[in-house]
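Here is a short briefing to read alongside the model. Take a moment to open the structure before going on.

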Amino acid sequence: MTILVTGAAGFIGYHVAKALLDRGERVLGLDNLSPYYDPALKKARLARLEGKGFSFHALDIARRDEVAEFGRGHPEIDRIVHLAAQAGVRHSLEHPFDYVDANVTGHPTMLELGRHLPRLENLVYASS
């Protein structure tokens, strides 16, 4: 099975990707590597995943056209684990659009990606 994990360089995304790889799944990881958390730490996490059925793609999920293009290039995706988001409440006071881009625009962008992937077309989507 091929599983797309967004936010793959983050703490939770890394551990989810690792668990999926450990059970034998192929994982495509997406992350925009934002500097909110140390990018060197994120790159170190990604390096630990490389070569085990994992491939990384630096991509901002708010960029609808780029996400759609990514999806067209990866019709083998069977499932999506969408974890990408902008964290940190204090950060929102000075950079509110970081949240709008990642959390508001990014979420429906991922839902649309799933809707257009041939292997996901029969799945039911839920949002909380």
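A residue is called buried under 20% relative accessible area, exposed over 50% and partly exposed in between, using a 1.4 Å probe and protein chains only. Because its relative accessibility is 15%, A102 counts as buried. This is a predicted model, where local features need pLDDT of at least 70 and side-chain atom pairs count only at pLDDT 80 or more, while totals for chains, interfaces and linings use all residues. Numbering starts from 1 along each chain as its sequence is written, and side-chain values use heavy atoms, with hydrogens and water left out.

**Around A102**
- A102 sits in helix α5, residues 96–116; helices (H or I, at least four residues) and strands (E, at least two) are DSSP runs numbered from the N terminus.
- Beyond its neighbours within four places in sequence, A102 is in contact (heavy atoms within 4.5 Å) with I61, A85, Q86 and H107.

- An open sheet is formed by 4 strands in the order β3-β2-β1-β4, with parallel pairing; strands pair if DSSP finds at least two bridges between them.
- At the edges are β3 (54–58) and β4 (79–82), each pairing on one side only.
- Strand β1 (residues 2–6) pairs with β4 in the parallel sense over 4 bridges, and T6 has H82 in β4 as its bridge partner.
- Helix α5 lies across β1 and β4, at about 175° to β4; axes are lines fitted to C-alpha atoms, for helices over the stretch in contact, and angles run from 0 to 180 degrees between N-to-C directions.
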